[in-house]
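Please look over the report below.

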Amino acid sequence: MGKNNLEQHRRYIAFAYAFMFLALFSIVTAVLSYWLARKVVHVENTEVWIHAQALWVMRSVIMFLLLAAFAALWFIPLLFQPWDSFIWVKACTVIGVVFSAVAWLYLLNAWLKGFSKYIKNKAVF
C-alpha cells in the first residue's frame, strides 16, 4: 500500500471522527461519518488499525442512530393535543428524554474512546 493511500485513509478517518463528534448535534453528520468510514472499510489493503477504526465508527454511528430512533418513538404521544393532559403522556416524554440522553452519552463515549485510540495509532477493539 502506498504512502498516499495511507494518508488518504487517515484523512477519511479523521474527518469521520470530526463528523461523529458533530453527530452529537445533528443526525445528518452521523450519516456523513458513516459514509466516510465505509469508504475506508471497502478498500482491500488497508492497515489493520485503520480498518478497525473505520469499523468502530460505523458500529458506533449505527448504534447511535438505533438508540435515537428508539428514543424518538417515546415522543409520539406528544403529537396528539387532546392526550397532552394525561399523565402517561408525560411519563412517555420523560422516558424519551432519558433514552435520548443515553443515546447522546453513548456516542460521546464511543467518540472519546475511538479518537483517543486513533491519536495513538492503535485499533479500538
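Leaving aside neighbours within four places in sequence, which residues is Thr29 in contact with? They are Phe19, Leu22 and Ala23, where contact means heavy atoms within 4.5 Å.

## Basis

This is a predicted model, in which local features need pLDDT of at least 70 and side-chain atom pairs count only at pLDDT 80 or more, while totals for chains, interfaces and linings use all residues. Residues are numbered from 1 along each chain as its sequence is written, and side-chain values use heavy atoms, with hydrogens and water left out.

## Thr29

Thr29 sits in helix H2. Helices are DSSP runs of H or I, at least four residues, numbered from the N terminus. Thr29 has a relative accessibility of 13%, so it counts as buried (under 20% relative accessible area; exposed is over 50%, partly exposed in between; 1.4 Å probe, protein chains only).

A polar atom of the Thr29 side chain lies 3.0 Å from the backbone nitrogen of Ala23. For the backbone oxygen of Ser26, the distance to a polar atom of this side chain is 2.8 Å.

## Helices H2 and H3

H2 spans residues 27–41 and H3 spans residues 48–73. They pack at an angle of about 150°, with their axes 8 Å apart. Therefore H2 is roughly antiparallel to H3 (angles over 145 degrees). Axes are lines fitted to C-alpha atoms, for helices over the stretch in contact, and angles run from 0 to 180 degrees between N-to-C directions. The crossing of H2 and H3 is left-handed (the near helix is turned anticlockwise from the far one by less than a right angle).

From H2, the contact includes Ile27, Tyr34, Arg38 and Val41. From H3, residues including Ile50, His51, Met58, Phe64 and Ala68 take part. By class, the contact of H2 with H3 has 16 nonpolar, two polar and one charged residues. Nonpolar covers Ala, Val, Leu, Ile, Met, Phe, Trp, Tyr, Cys and Pro; charged covers Asp, Glu, Lys and Arg; the others, Gly among them, are polar.

## His51

His51 belongs to helix H3. Its relative accessibility is 26%, so His51 counts as partly exposed. Not counting residues up to four places away in sequence, His51 touches Val40, Val41 and Thr46. Asn4 is 47 residues from His51 along the chain, and their C-alpha atoms are separated by 16 Å.

## Ala101

Ala101 lies in helix H4, residues 87–119. Its relative accessible area is 36%, so Ala101 is partly exposed. Ala101 and Ala14 are 87 residues apart in sequence and 25 Å apart in space, C-alpha to C-alpha.

Conventions
Helices (H or I, at least four residues) and strands (E, at least two) are DSSP runs, numbered from the N terminus. Angles under 35 degrees count as roughly parallel, over 145 as roughly antiparallel, 65 to 115 as roughly perpendicular and the rest as oblique. A polar contact is a pair of N or O atoms within 3.5 Å; within protein, one must be able to donate a hydrogen and the other to accept it, and residues adjacent in sequence count only if both atoms are side-chain atoms.
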